[in-house]
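New page in the notebook. I'm jotting down what I looked up, one topic at a time.

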Amino acid sequence: MSGLPASRLRDLPSVDRVLKTPLAAAAVERFGQQSTTRAIRDALEEVRAACRNGAAVPDPCDLAADALVRLKAAEHPSLRPVFNLTGTVLHTNLGRALIAGEAAEAMRAVMREAVALEFDIGTGRRGERDDHLRTLICELTGAEDATIVNNNAAAVLLVLNTLSLGREAIVSRGELIEIGGAFRMPDIMVRAGAKLVEVGTTNRTHPRDYLSAIGPATGLVFKVHTSNYRIEGFTAEVPARELSAIARERGVPLVHDLGSGTLIDLTQYGLRHEPTVGEAIADGADLVTFSGDKLLGGPQAGFIVGRKDLVAKVNRNPMKRALRIDKLRLAALEATLKLYRNPDRLAERLPTLRLLARPAVDIAAQAQRLAPLLSQMLGGQFSVQVMECRSQVGSGAMPLDTLPSAGLALSPHSGSGQALEALAAALRALPVPVIGRVEKRALVLDLRCLEDEAGFVANLANFTPGGDGGAVA
């Protein structure tokens with residue numbers, strides 16, 4: 001018996017023999033000789049290992065079919081659309097804001113043609129890419145000037161490096177935040193070349209703390225909006241307007257990082273008030289930094305707005321070129337910002353606001369419609385219950401505020417955690433993966449972000465318990 005595996009290995013078809021099959025010829029036509037050959041070799045390597053364990057030698061056509069499956073799988077994009085049923089609207093791991101149709105169309109247009117990115121059509125000379133957005137941003141925020149980089153972390157880094165390189169940056173201890181991915185404000189300040197000066201305590205900072213810290217070595221006073229957490233109880237902080245007066249009196253700039261940032265008062269959509277960029281400018285901040293892909297509802301970007309002389313200084317920093325954004329995001333941002341000129345239709349046209357403002361009664365009605373379908377799909381292995389739940393904004397915005405929502409709780413009758421994990425994996429294995437959250441021994445599908453109900457139902461048609469659509473234990 002010891003010679004049997006070796007015999008099987010000798011019977012394996014060669015790569016050339018597999019390449020001569022009709023399926024392999026079709027694969028070469030579609031994917032090319034090099035990729036097809038590599039896929040056949042990978043298939044043969046797996047079969048060789050199986051033959052050593054007693055498996056039968058496959059036919060060359062079977063090997064060609066295996067290689068074709070591999071090639072088709074490799075062709076699928078890694079960055080795939082999913083159904084976000086987590087209950088987090090601005091989910092960092094799922095791409096944050098969904099951009100508006102106008103923004104997507106603007107990106108498509110500039111991808112297909114040469115565009116005047118840094119070319120002044122009026123003069124025929126070189127232009128600046130920030131010019132495409134500068135007037136619009138200043139109109140919406142009341143700022144004197146503006147510049148744009150690739151995200152808000154870059155905006156903070158660039159401002160700190162410009163205004164406090166080798167100098168002191170004064171910040172309250174209660175505002176030394178950490179955001180996702182272990183990104184800590186003190187670390188970015190050090191990398192920017194600033195000398196961090198902490199004032200106050202974790203829970204209480206007073207005007208006298210700033211006054212006693214500002215001196216000849218001070219480069220800036222830094223205020224950070226703690227958008228991703230709250231300190232409650234015995235607390236005190238210096239409001240932005242008062243801090244601005246202190247900084248102005250001592251002749252140093254005040255930089256206010258809003259983090260998520262918003263251009264409008266969100267209370268009109270049933271959300272808690274967040275300080276707007278316009279309010280931060282009106283309160284006297286010399287520069288304000290904020291994100292483009294969170295509450296603003298656009299693509300990833302970081303804005304720096306405020307005093308004209310300081311923005312000009314930021315733009316002269318050599319790091320600016322390394323952090324600038326490309327034509328696609330410029331086009332998407334311009335289209336997104338223009339939507340804010342018509343606030344009456346903003347929630348209708350901007351997906352982020354539309355999802356945040358979606359009425360709970362509409363979501364509950366959708367849950368009632370979908371519950372029977374999910375129950376039938378799961379074949380009695382799980383109970384499907386319509387439930388009230390709470391959605392969250394996400395991406396560090398308004399962490400203590402949740403939105404009334406509705407969803408479906410899928411609970412295994414056996415109470416098995418393995419069954420729940422298998423169901424979650426099966427839903428992720430659908431052509432468009434369905435992402436929910438596990439809560440109280442159930443897989444919860446929060447429907448706040450489900451706008452394409454017909455597409456969701458069509459996607460579920462691919463689910464086959466125990467089959468290729470996703471096996472349920």
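Predicted model: local features only at pLDDT ≥ 70, side-chain atom pairs only at ≥ 80, totals over all residues.

On the H4 side I listed Ser-35, Thr-36, Ala-39, Ile-40, Asp-42, Ala-43, Leu-44, Glu-46 and Val-47. Their partners in H5 are Leu-63, Asp-66, Ala-67, Arg-70 and Leu-71. I sorted the residues of this contact by class and got eight nonpolar, two polar and four charged.

Next I looked up the geometry. Two packed helices are described by the angle between their axes and the distance between the axes. For H4 (residues 33-52) and H5 (residues 60-75), the angle is about 115° and the axes are 8 Å apart. I also noted the handedness: H4 passes H5 in a right-handed crossing.

Then I moved on to H7, which spans residues 131-141. Which residues in H7 are buried? I wrote down Leu-133, Arg-134, Leu-136, Ile-137, Cys-138 and Thr-141. Just after H7 I found Gly-142, with a positive phi of about 80°.

The largest pocket has a volume of about 760 Å³. I see 26 residues lining this pocket, and those closest to its centre are Pro-81, Val-82, Leu-94, Gly-95 and Leu-98. How does the lining of the largest pocket divide by class? I have 15 nonpolar, six polar and five charged residues in my notes.

Conventions
Residues numbered from 1 in each chain as written. Heavy atoms only, no water. Axes fitted to C-alpha atoms, helices over the stretch in contact; angles between N-to-C directions. Helix = DSSP H or I, 4+ residues; strand = E, 2+ residues; numbered from the N terminus. Left-handed = near helix turned anticlockwise from the far one by under 90°. Contact = heavy atoms within 4.5 Å. Nonpolar A, V, L, I, M, F, W, Y, C, P; charged D, E, K, R; others polar. Buried < 20%, exposed > 50% of the residue type's maximum accessible area, 1.4 Å probe, protein only. 1 Å grid on protein atoms, 1.4 Å probe; cavity = no way out; pocket = protein on both sides within 12 Å on 5 of 7 lines; lining within 4 Å. Points joined across faces, edges and corners; volume = space filled by probe spheres on them.
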